[in-house]
Amino acid sequence: MSAPLGFALTGLALAGASHPTVARWITEALGEPARRPVSVERLLDLTRAHLALAGIGLALVAVLGIGLGILVTRRFAEPWRPAIDGLAAAAQAVPPVVVVALALPVLGFGGPPTLLALVAYGIMPVLRGTAGAITGVPPEVREAGRAIGLTRLQILARIELPLAAPAIVETLRTALVLAIATAAVGALAGASTLGTPIVAGLQNQNTVAMLQGTAATAALAFLADAALLAAVAGWRVIRP
Amino acid sequence: MIVGTTDITPQGLSIGRVLPALVATAWLGALALALTRLPVLTIARNRLALGDSLTGSAALGGTAVLVLGMSALAIGLLVSRRSTASVIALFLLLPAILAFLHGLGTGAARSLAELSPAARAGLGSGSWLTLTLLTGALGLAVRHSRRPGLGLATGLGLILALVGLGWSGALDALSLAVEYAARRATVNAAIGEHIALAGTALVLAGLLAVGLALFRRGQGLVALILGGLQVVPAVALLGAMVAVMSGLLRAVPTLRELGLSALGPVPAIIAIAAYLALPLWRGLSLALRAPDDDTLQAAEALGLSPGQVLVRVRLPIGAPILVGAVRVAAVQGLGLATLGALVGAGGLGRIVFDGMAQFAPDLILLGAIPVVVLSLLTERGLSRLEAAARRRWHA
């Protein structure tokens, strides 16, 4: 069984487990009192909000991360590489929860601090991954492009990016998983996402709601990851 | 043959030459903005009220000019990229940072003098921007100086100077110091808890990784399961752990007598360890496969037993990879431990979450700063160890 299919099936199973009826069974099987489950409509609303937040964040991270990743591999930026790598390592030392917390007094409750955390934590791995993937393109291939008269921009578009694409997609997968996880953390700052029933459930000892949030968040992560893998596989079939 | 544009432009005009000067100018502009236009201090009636902003010129007076002058000189020296100039820049930036902090402390004390004891002087955006710009330049100066050991010395010097500054009482008027003074015991205990949480999870994940690396057949399955676990958001895994633990405790009540509970450090440690297992397991498998076949055959020909090959050949050669994996896992663990407070595991996350609940910025900072410092120290320390291992075994 391939990984995308496995992830998709796991995601579907978890999505099923987040249904109020199923979650109630599981809670009762665990011996907990099943109180006030989250309705399907509310779950769908939260899913939409979660996807919107994670989607905007991922788009920003992808554009900025890949763009800057391409920039730092240009010749003029070479002396800056160690400094950028150092910065990337430092940025990773500030976990998303901490960014959300620090941004809270400045940006207020809700989506904005979550979005900031998403971008702050996600951009550096994508930048580093893109730069690494482009640097990994064998110099002979680049030389060959030069020899047949391609300009620098053509070398980038026709040689470097296509060869680096698989590795860049891998870093985007990490960024996607990170975006969904950070959007869940955003519930702590009052963003309305699938993390909300988890946080509220933990505070009110409402195990059903907590389980539903847990299953739905994990389901979303698995399904999104599977969708990205499937999209890449489809792309390879169309343009081998 | 067509040559790229930067190759044919005269050297003085190429982007590579102009860029450092542009970045330096932008840096200096941002610093001037932070010191003169943005609020460096906010004076509020109490710890939760919104305050009035004070700009650098108002709060710091002459110190702002001094800091700006020293920084301008330092950044000018840094652009040259010469090693000696960078060392001089370093010795300009270090006192600039300390002068700025001292100025903030005295400025805050002066502003609070006529107000009620509940009034607070918090750091504003200008202060944060100034400190970020100055420490960034300090890092660059260390890098450009190309003197081994200078980075460590600068870091230690800065920490010692900061402790000295705090000890002397120069910063006492700043809201963060007031908040720390009020919660010293709690914060110190939380730092200990935080290290214990991350450390225990790291050890648990290490044991798990060793166990998983042992059975050869199932490596594909192990990769799939550990990789799948990484997809599960931490908030969700923590929630699931609590549900499973409470179910388990209900089914086997004797576990409760052992001190286990559904909320607390145990579910957090298990969840954190589940995430750390992947980098550690991956690092361990890569490290064990690091020596090439020739080396292994030579070791065998020398009559080394498989155990000796492991200890004398595989582990030393794989050591840098292994240390690198531990570095990644340790930094990740310290971050995840913050989230552990969500399920009552304690640690610095509890202070951060308390601050969020009260909307008290200083309380959030009081929890967040140690998390960041711990992560950075771990990152730096273990990457030094990694580099040392590489030098030692791959010279």
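**The interface of chain B and chain A**

Reply: In the contact between the two chains, 47 residues come from chain B and 49 residues from chain A, where contact means heavy atoms within 4.5 Å. This is a predicted model, in which local features need pLDDT of at least 70 and side-chain atom pairs count only at pLDDT 80 or more, while totals for chains, interfaces and linings use all residues. Residues are numbered from 1 along each chain as its sequence is written, chains are lettered from A in the order in which they are written, and side-chain values use heavy atoms, without hydrogens and water.

Together, chain B and chain A bury about 4,000 Å², and 79% of this lies on carbon and sulfur atoms (buried area is the accessible area, with a 1.4 Å probe, that two parts lose on being put together, summed over both). Of the area that chain B buries against chain A, 15% is supplied by Val231(B), Met356(B) and Phe359(B), which is more than any other three residues supply.

The side of chain B that touches chain A draws at least two residues from each of α1 (5-8), α2 (15-36), α6 (125-145), α10 (219-231), α11 (234-251), α15 (306-339), α16 (348-358) and α17, these helices being DSSP runs of H or I with at least four residues, numbered from the N terminus. Helix α17 of chain B covers 361-393.

Across this interface of chain B and chain A, zero salt bridges are found (a side-chain nitrogen of Lys or Arg within 4 Å of a carboxyl oxygen of Asp or Glu).
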